[in-house]
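This briefing is for a reader meeting the structure for the first time.

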Amino acid sequence: MAVTLKQLSEKQDLLSGGHRLCAGCGASIAARQVLLAADSPLVVSNATGCLEVATTIFPYTAWRVPWIHSLFENAAATISGVEAMYQSLKRQGKYDKKVKFVAFGGDGGTYDIGIQALSGALERGHDFLYVCYDNQAYMNTGIQRSSATPLSAATTTTPAGSTRSGKLQQRKDLTQICAAHGIPYAGQVTIARWRDLVTMAHKAIELDGPAFLCVLAPCPRGWRYDTDATIDIARLAMDTCVWPTYEVVNGDVKILYKPKEKKPIQDWMKPQGRFAHLFRPGNEHLIVAAQADIDRKWEQLLKLEEMANAPASAEA
Amino acid sequence: MGETILIEGNAAVALALKQINPDVVAAYPITPATEVVQEFSEYVANGKVDTEFVAVESEHSAMSACIGAAAAGGRVMTATSAQGLALMWECMYLAASLRYPIVMALANRALSGNINIHCDHGDGMGCRDSGWIQIYCENTQEIYDNTIQAVRIGEHLGVRLPVLVCYDGFVISHAVEVVDVLDDSEVRDFVGPYTALNSLLNIDNPISVGPLDLQDYYFEHKRNHAEAYKAVPDVVEDVADAFAKLCGRHYGALDEYRMDDAEAAIVLLGSTAGTVKDVVDSLRNQGRKVGVLRIRMFRPFPAEPLVKALSHVKAVGVMDRHAALGTYGAPLFADVRSALYGRCSMPVLDYMYGLGGREISMAEIRGVYDELEQVVKSGATETRIQYLGVRE
């Protein structure tokens, strides 16, 4: 049965208010929704980043679940240790509760510095969900480019200058990288699709084995838009197919949201200051290139879904 | 009662680990510590331990997983060397600051630049300020004994700090020696059950571990950590006494050898102490008043007992198996001289030796004693800091 807002409103928020994240922050919305999704009690690890620094300024904490942070690049390795201890104590009869494990990291802590630890933990098969709240740059240190930053976006280390127009490279596709580990579940979603997010997180948490979820979490400061537009911006990412909502379950791709009418990429870029330079005269080709890139990736995804739906005995 | 066996240093660690039966071991292979992980994996594969063995993808993740596992309320151990320890470096500060009594075997190996797989103490010295307890072993017997004692030292409720059990790579990690080992049950009784404090798995009482600690609290937390260090010397002695009661072997913070009336003394860490003791014996046979003071517990640094042990000595030679470039003498020298300063007035000389596994001869050690005696006689020291056994 589909999850309802009423059901969610009856659950206790496991990330309390009073933390110091910015108004309009997508990360806290992502974290709250994931925490609401679980049936089982959770233990959480957190990479260094906005979510961590703003929620646990000693002696305060916003977390109503057991939570651990140690370093930037090791949220996956840390939770794998927690989970290993859980398995050990359970096997020895020293612990009898059922607990599930979630790691949170931003895109910097996940796509970049933490990818080795993430890959290792996925390969080892620990029972955990890794959630990347993806705001497409190093926001905690002040909006520097990461490998999640999209082509042409301006950041403080890829500024729009007179000879360079923002980031010169395309972003890495981390969802596909994680899916390629052959894990039971990988998916991506935005905070605008709360029902999908909660349903996907629930599935990913409650299954046995490693799972990965990449949640597009807009950042008003870094993306340069007004704080009340966060959900609208996230929705535009879906409607332009910049950020398709899909899951890969045991290797099979299923797209969970297909816009009736795919909007042009300008609709997504226009409200964001980080793309403002693309709308200056002479930069039209950059928008064309970005549109072509998004179109190609969307087509590829549709093909992957088609393959998953094809009958197994097609050759015969 | 246990038995007497022939065993290699790394295998002795693995055997101790098997007998301790930790809840989680997270480790990554690296020469010369690899056999620890390898031999332990055999115990895991054959159901000899209850341990969850996490074969991680790097040492950084090894120590990170150890931290996570310790936070989940159980006994955790690992092993590494050189680059592995260097890669763990930032995690080591966390393990210590979070006060998790993780025990790590360190087969000491020279740090790369350039790559070398043999012994020196550069790896252990690199993390000497990280807040771990550091114990250095002289031989395979001590590796085995120290690994077992480390669990009780680190887990002591007045301490709760991680412990590094250091032993010279290849020199003793791969040396097959005769070792008296205990029964499994004796070891398990000696280390006792693990006391979990503030476990993440206590889901009814959720805690936040590792928060942001700013100008208003960080300093106090470091100060608390320093206080925990203060409890270590007494605990090390108590654990040594309890261990001696079990098997007769006693180790304190310091190992004083023929120091009573010594006028010239060498201070050092690790396996070279065995060679120095032989030199001392032969010089003593010639009527020379020489001794050796091996530091077993390097962190926290046993300054007070060290001053007491050296107070009557007329010249001290510190042998550092590490070259701290750009400083005035290597770390052991700096610690020893700083402890003695203002308390004793004898000259203290530093000899940096054995880098990258360079062998040290008895003749070279005799040369150190010759020089120390010369300094006593002449009252003059020309060079305080020098290298031993290097081609100039």
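The structure is a predicted model. The predictor gives the complex an ipTM of 0.97 and a pTM of 0.97. For chain B the mean pLDDT is 97, and 100% of its residues reach 70 or more.

**Overall form of chain B**

- Chain B holds 13 helices and 16 strands.
- Its C-alpha trace spans about 70 × 55 × 45 Å along the principal axes.
- The radius of gyration of chain B is 21 Å, which agrees with the value near 21 Å that a compact globule of 392 residues would have.
- Of the 392 residues in chain B, 53% are buried.
- When contacts in chain B between residues at least 6 apart in sequence are taken, 80% of them join residues at least 24 apart.

**The sheet of 7 strands in chain B**

- This open sheet runs in the order β3-β2-β4-β5-β7-β6-β13 (chain B), and its pairing is mixed.
- Its edge strands are β3 (52–55) and β13 (297–299) of chain B, each of which pairs on one side only.
- On average, neighbouring strands of this sheet are turned by 20° against each other, with direction ignored.
- Strand β2 (residues 24–27) of chain B runs parallel to β3(B), and 4 bridges join the two.
- Within this pair, B:Val24 stands opposite B:Glu52 in β3(B).

**The sheet of 6 strands in chain B**

- A further open sheet has the order β10-β12-β11-β14-β15-β16 (chain B), again with mixed pairing.
- At its edges stand β10 (254–257) and β16 (385–388) of chain B; each has a single partner strand, so one side of each is left without a neighbour in the sheet.
- From one strand to the next, the twist averages 25°.
- Strand β14 (residues 315–320) and strand β15 (residues 348–353) of chain B pair in the parallel sense over 5 bridges.
- B:Met319 has B:Tyr351 in β15(B) as its bridge partner.

**Contact between chain A and chain B**

- In the contact between the chains, 39 residues of chain A meet 38 residues of chain B.
- Elements of chain A that each supply at least two residues of its side are β1 (42–46), β2 (67–68), α4 (75–91) and α6 (115–124).
- The most comes from α4(A), with 13 residues.
- By class, the side of chain A that touches chain B has 21 nonpolar, 14 polar and 4 charged residues.
- Strand pairing also crosses between the chains: 2 bridges join β2(A) to strand β9 (residues 208–209) of chain B, and these strands run parallel.
- In that pairing A:Trp67 stands opposite B:Ser208 in β9(B).

Notes:
Residues are numbered from 1 along each chain as its sequence is written. Chains are lettered from A and ligands numbered from 1 in the order in which they are written. This is a predicted model: local features need pLDDT of at least 70, side-chain atom pairs count only at pLDDT 80 or more; totals for chains, interfaces and linings use all residues. pLDDT is the predictor's confidence in each residue, from 0 to 100. The radius of gyration is taken over C-alpha atoms; the globule rule is 2.2 Å times the number of residues to the power 0.38. A residue is buried if 20 or more other C-beta atoms lie within 10 Å of its own, exposed if 12 or fewer, and partly exposed in between; C-beta atoms are placed from the backbone. Two residues are in contact if their C-beta atoms, placed from the backbone, lie within 7 Å. Two strands pair if DSSP finds at least two bridges between them. Axes are lines fitted to C-alpha atoms, for helices over the stretch in contact, and angles run from 0 to 180 degrees between N-to-C directions. Ala, Val, Leu, Ile, Met, Phe, Trp, Tyr, Cys and Pro count as nonpolar, Asp, Glu, Lys and Arg as charged, and the others, Gly among them, as polar.
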